[in-house]
Amino acid sequence: MTATTHWIATATGQAVLERGGNAFDAATAAAFVLHVVEPHLNGPGGDMTGVFVTADAPSEPIVLMGQGPAPSAATPEHFAAEGLDLIPGAGALAAAVPGAVDAWLLLLRDHGTWELESVLTFAIDYARSGHPLLERVSLTIGSVADLFTVHWPTSRERWMPNGRVPAAGEVVTNEAHATTLDRLVEAGDALPAESSREQRIDAARAAWSSGFVAEAVDAFVREPHRHSSGTDHAGVITAHDMAAFSAGFEPALTSQFRGYTIAKTGPWGQGPVLLQMLAILDGFDDERLDPSTALGAHTILEAEKLAMADREAYYGDGVVPIDALLSADYSAERRALIGDTASLEVRPGRVPGFEPVMPHLREESAEAAAAGVGEPTVSSVGETRGDTCHIDVVDRWGNMVSATPSGGWLQSSPTIPSLGFCLGSRLQMSWLESGLASSLVAGKRPRTTLTPTLVLRDGVAVSALGSPGGDQQDQWQLLYLLRTLVGGYTPQQAIDAPAFHTTSFAGSFWPRTWTPGGAVVEDRLGDELIAELEARGHRVTRAGGWALGRLSSVSHDPKTGVLSAAANSRGAQGYAAGR
């Protein structure tokens, strides 16, 4: 079974499975296709995180870490010298070291079975021969057309051929991107004939991190260009920064909820907030866990606020008291803070030995908050709120993977002409204020929002799921888990059900604002329920009927052996397939 945020990627993953490839071959092939067909949501210059189990060790969830760190010259002092008090949301100064490609190649090397050439054939063909452009891609290009025309000429040449925005459905190509992938394959093919599959993949990794890709990145970012701040700056990432990074594996962080084990990334990203939300809610009766009631929606929103406050106070690439934050006693203390009315405060908890330090909070207008709901919103200066793609795969042998690639959006920085893609902007999730858990430190990872999920029961993986959506990813996944694990919904019913989330915390994306008591809801929750949320003090923004959440999932029933998959119907783009 394969489920992704784009039908072509799903078809690619399923084609690999049909030809005997395993889940890791399929996920890698689908991921490189997503770089091509969803370029407004991810690219080779971005990052990714994944969580998976293998058929050989089905009870041991592993994290695939593809989040690169801040470049060595990305220091608060450098940004201050550039006249910046926030890391911009677009432009090469916002680039962390790209981690996605190395991570996917590492997964393929250690757990896949296919040769790199076979895996990349799909992406190379769609880049070289073309694919129909999504409407959302056309709209994204249109929103930054002036930026491309005036300030980013290489992006204009790449995305606006003949000076116009390509129309939805138009077949578009990217020869430079295809050539880049060809050269990665050729790096492995250049080895002696007796070399192994693993050695050939490592040669491609070297070509990426210390070869022609790193050299092109280093040379290109030296030229100052316009950033979302409205000012021009050169990037600081170097070939040395890229050579110093390697993706890796680590044990997943897990906790228990209603007899299930939930596996997430560590607190260097936002993944544990889902575990904290579940730990807080686990002490309530089922009636308070129903998102379709006013009491349930209110309770869930308040639990989300508490967990997100702790994210801001404690999470980052350093020492995080995660065991204390997930403990039963601490969760009970947090649960007791949930009252009958909406909190308008950011309330981090207190952990012995740690002092919660919060950033300066910037409040935004209701109009600005509304502009960031639903599908990814891109401003005229390249700022993106909401992002990302997602891939879930389970194969016949019991391998299962959930992965969330993102960053390197076409609107995140100027296109590097020789490579056919641009760098990401993940560094904007680090603060320039000192003393915070996620303050900018050279060589440290920004606190990524990428947060896939694996669910296990009795030592066997039963579901892989995830969603695009930046800060909303774990909030939307929380609704899915409550509906499937408590409410008895099928996966597809849970994905299709009305969604909501809070914005009552400091956002991860530039300009890092918050809305006290903010709640964004789909209209399908119903006027009566929405009115009761407002009566309880929530500052509600209606997003439309089908605007929030872009989840997908795959599942395995160990009792029957039946596999299943589900995908998001919003936007008529996500797709699930299998047999």
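Which helix supplies the largest share of the lining of the second largest cavity? The structure examined here is a predicted model, in which local features need pLDDT of at least 70 and side-chain atom pairs count only at pLDDT 80 or more, while totals for chains, interfaces and linings use all residues. Residues are numbered from 1 along each chain as its sequence is written, and side-chain values use heavy atoms, with hydrogens and water left out.

A search of the whole structure finds four cavities of 30 Å³ or more, a cavity being a set of points, on a 1 Å grid over the protein atoms alone, where a 1.4 Å probe fits but cannot get out, and its lining residues having an atom within 4 Å of a point. Grid points are joined across faces, edges and corners, and a volume is the space filled by probe spheres set on the points. The second largest cavity has a volume of about 70 Å³, and helix 18 (473-486) and helix 19 (491-496) each supply at least two residues of its lining. The largest share, four residues, comes from helix 18, where helices (H or I, at least four residues) and strands (E, at least two) are DSSP runs numbered from the N terminus. The residues that line this second cavity include W476, Y480, R483, I495 and R570.

The largest cavity has a volume of about 140 Å³ and is lined by 21 residues, of which H35, P39, W159, N174 and G420 lie nearest its centre. Helix 2, helix 5 (116-129) and helix 8 (153-159) each supply at least two residues of that lining.

Of the 85 residues in the largest core, W104 and V217 touch the most other members.

The residue S413 lies in the loop between strand 15 (400-406) and strand 16 (453-457). Leaving aside its neighbours within four places in sequence, S413 is in contact (heavy atoms within 4.5 Å) with G91, A92, W152, S155, C422 and L423. The side chain of S413 reaches the backbone nitrogen of L423 at 3.3 Å.

Technical notes:
A polar contact is a pair of N or O atoms within 3.5 Å; within protein, one must be able to donate a hydrogen and the other to accept it, and residues adjacent in sequence count only if both atoms are side-chain atoms. A nonpolar core is a set of buried Ala, Val, Leu, Ile, Met, Phe, Trp, Tyr and Cys residues joined through side-chain atoms within 4.5 Å. Buried means under 20% relative accessible area, exposed over 50%, partly exposed in between (1.4 Å probe, protein chains only). On a 1 Å grid over the protein atoms alone, a cavity is a set of points where a 1.4 Å probe fits but cannot get out, and a pocket is an open set with protein on both sides within 12 Å along at least five of seven lines; lining residues have an atom within 4 Å of a point.
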